[in-house]
Amino acid sequence: MEQCREEARKNTEILSNEILEKGEISWTRVLELAGHDELVYKLTLKYLRQRGYDIGNNKIPRVKSQ
């Protein structure tokens with residue numbers, strides 16, 4: 001579990017930089033970076049939300065800065 005958290009934290013750093021460059025990213029990008037691991041994917045979205053990003057919803061599957 002701790003290994004998944006660490007991987008999700010690393011993904012959050014990478015995705016934060018991508019969001020700054022592009023303005024937003026898709027949930028598909030988050031899933032790809034998580035290696036299609038559902039736990040890492042969900043933790044990454046959680047950490048992005050904690051950092052203040054708008055993670056969207058099932059109708060708007062994207063992550064962007066608020």
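**Close-up views of a predicted model**

**View 1. Contacts of glutamate 18 beyond its sequence neighbours.** Once residues within four places in sequence are set aside, glutamate 18 is in contact with Gly23, Ile25 and Arg29. The model shown here and in the other views is predicted. Glutamate 18 belongs to helix α1, which covers residues 2–22. Is glutamate 18 buried or exposed? Its relative accessible area is 13%, so glutamate 18 is buried, given that the class takes residues under 20%.

**View 2. Serine 16 and its partners.** Serine 16 is also placed in helix α1. With a relative accessibility of 5%, serine 16 counts as buried. Residues up to four places away in sequence not being counted, serine 16 touches Leu48, Arg51 and Tyr53. Serine 16 and arginine 51 are 35 residues apart along the chain, yet their C-alpha atoms are separated by 9.1 Å.

**View 3. Helix α1 and the elements against which it packs.** Helix α1 has 21 residues and reaches 30 Å from its first C-alpha to its last, close to the 30 Å expected at 1.5 Å a residue. Which residues of α1 are buried? They are Cys4, Ala8, Asn11, Thr12, Leu15, Ser16, Glu18 and Ile19. An α-helix has 3.6 residues a turn, so residues three or four places apart point the same way. The buried residues of α1 pack against strand β1 (24–26), helices α2 (27–33) and α3 (38–50), and strands β2 (53–54) and β3 (62–65).

**View 4. The end of helix α1.** Glycine 23 follows α1 and has a positive phi, near 95 degrees. Glycine 23 is also one of the residues in contact with glutamate 18.

**View 5. The setting of these sites in the whole protein.** Three helices and three strands make up the secondary structure of the protein, in the order α-β-α-α-β-β from the N terminus. A compact globule of 66 residues would have a radius of gyration near 11 Å, and the 11 Å of the protein agrees with this. Along the principal axes, the C-alpha atoms fill a box of roughly 30 × 20 × 20 Å. Of the 66 residues, 35% count as buried. Among contacts between residues at least 6 apart in sequence, 57% join residues at least 24 apart.

**View 6. Surface and charge.** The protein exposes about 4,300 Å², of which carbon and sulfur atoms supply 47%. Its side chains include 12 positive and 11 negative ones, and the centres of the two sets lie 6 Å apart.

Technical notes
Residues are numbered from 1 along each chain as its sequence is written. This is a predicted model: local features need pLDDT of at least 70, side-chain atom pairs count only at pLDDT 80 or more; totals for chains, interfaces and linings use all residues. Side-chain values use heavy atoms; hydrogens and water are left out. Helices (H or I, at least four residues) and strands (E, at least two) are DSSP runs, numbered from the N terminus. The radius of gyration is taken over C-alpha atoms; the globule rule is 2.2 Å times the number of residues to the power 0.38. Buried means under 20% relative accessible area, exposed over 50%, partly exposed in between (1.4 Å probe, protein chains only). Contact means heavy atoms within 4.5 Å. Accessible areas come from the Shrake-Rupley method with a 1.4 Å probe; for residues, only the protein chains shown count as cover. Lys and Arg count as positive and Asp and Glu as negative; His and the chain ends are not counted. The place of a charge is taken as NZ of Lys, CZ of Arg, CG of Asp or CD of Glu. The expected span of a helix is 1.5 Å times one less than its number of residues.
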